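Trainee: I have a new model to learn from. Please walk me through it step by step.

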Amino acid sequence: MQILLVEDDHSLAQGISHALKLEGFSVNHLDRGEPAVMTIKSNQPDIVILDLGLPDIDGLVVLKRIRNYSKQIPVLILTARTTLDDKIAGLDNGADDYLDKPFEMLELLARLRVLERRLSTSYSNQITIGTVRIDIKAHTVSVDDITTDLSRKEYMVLKSLMENAGNIQTRASLEAKLYSWGDEVSSNALEVHIHHLRKQMPTGFITTVRGVGYRVNR
Ligand code: CA
């Protein structure tokens, strides 16, 4: 689950990023609206956490531009503006949720879990390809009806491949799902996850597309 955090208060952003990473989310942080809109179009996150008071363009404008591009990406607004009019403006512009500053980190995590659940129910909950079944709601994987024990990152790779079965998942797009910007990632980290994953999958289930990425066939 990849989160884009758009927040110009750096100490708050650091605190949020830290808490989210502990929960296993990958978090990328930007402190301005314009680059956030560009990033969302080039490298779509699963959830956006958006501050309204940004130094370049207002968060509501960012939200409108996100909605012009995609109606689906969940956007959770963080703001110190707490009047009812502000909230209505945010929700009218397509925000999925609203959290007033200051807030408790536990509450932010709880709201994100709600968005995450809503996100996974918008897909079908189970994908079965051959003898491999992934249950996105339960976060389980079975092969021949026997549950396999995958690490979180192995699970994320498999989920991405199975949701996009038939299409190549590039190395860059898989790495973006697994790591935050600035994470120290060794150049073969993805290969290592794929290697472990393959040991638990039927032979030939994950195809290497040389120099590009990986694919699971339907
Ligand atoms: Ca701000």
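**Sheet, domains and a salt bridge**

Mentor: Four strands make up an open sheet, ordered 6-7-8-9, with antiparallel pairing. Strands are DSSP runs of E, at least two residues, and helices are runs of H or I, at least four residues, numbered from the N terminus. Two strands pair if DSSP finds at least two bridges between them. This is a predicted model: local features need pLDDT of at least 70, side-chain atom pairs count only at pLDDT 80 or more, and totals for chains, interfaces and linings use all residues. Residues are numbered from 1 along each chain as its sequence is written, and side-chain values use heavy atoms, leaving out hydrogens and water.

Trainee: Which residue is the bridge partner of Asp-135 in strand 8?

Mentor: Start with the pair of strands. Strand 7 (residues 132–135) and strand 8 (residues 140–143) run antiparallel, joined by four bridges. In strand 8, the partner of Asp-135 is Thr-140.

Trainee: What angle does the direction of helix 6 make with that of strand 7?

Mentor: Helix 6 (residues 152–163) packs on the sheet and touches strand 6, strand 7 and strand 8. Contact means heavy atoms within 4.5 Å. Axes are lines fitted to C-alpha atoms, for helices over the stretch in contact, and angles run from 0 to 180 degrees between N-to-C directions. Against strand 7, the angle is about 105°.

Trainee: What area is buried between domain 1 and domain 2?

Mentor: The domain assignment, automatic or from a database, gives domain 1 (2–119) and domain 2 (126–216). Their centres, taken over C-alpha atoms, are 27 Å apart. Buried area is the accessible area (1.4 Å probe) that two parts lose on being put together, summed over both. Carbon and sulfur atoms give 47% of it, and the area is about 770 Å².

Trainee: How many salt bridges are counted between domain 1 and domain 2?

Mentor: A salt bridge is a side-chain nitrogen of Lys or Arg within 4 Å of a carboxyl oxygen of Asp or Glu. By this rule the model has 14. Between domain 1 and domain 2, the count is zero.

Trainee: Which residue meets Glu-34 in a salt bridge?

Mentor: Glu-34 lies in helix 2 (residues 33–42), and its partner sits 31 residues apart, in helix 3 (residues 59–69). The N to O distance is 3.2 Å, and the partner is Arg-65.
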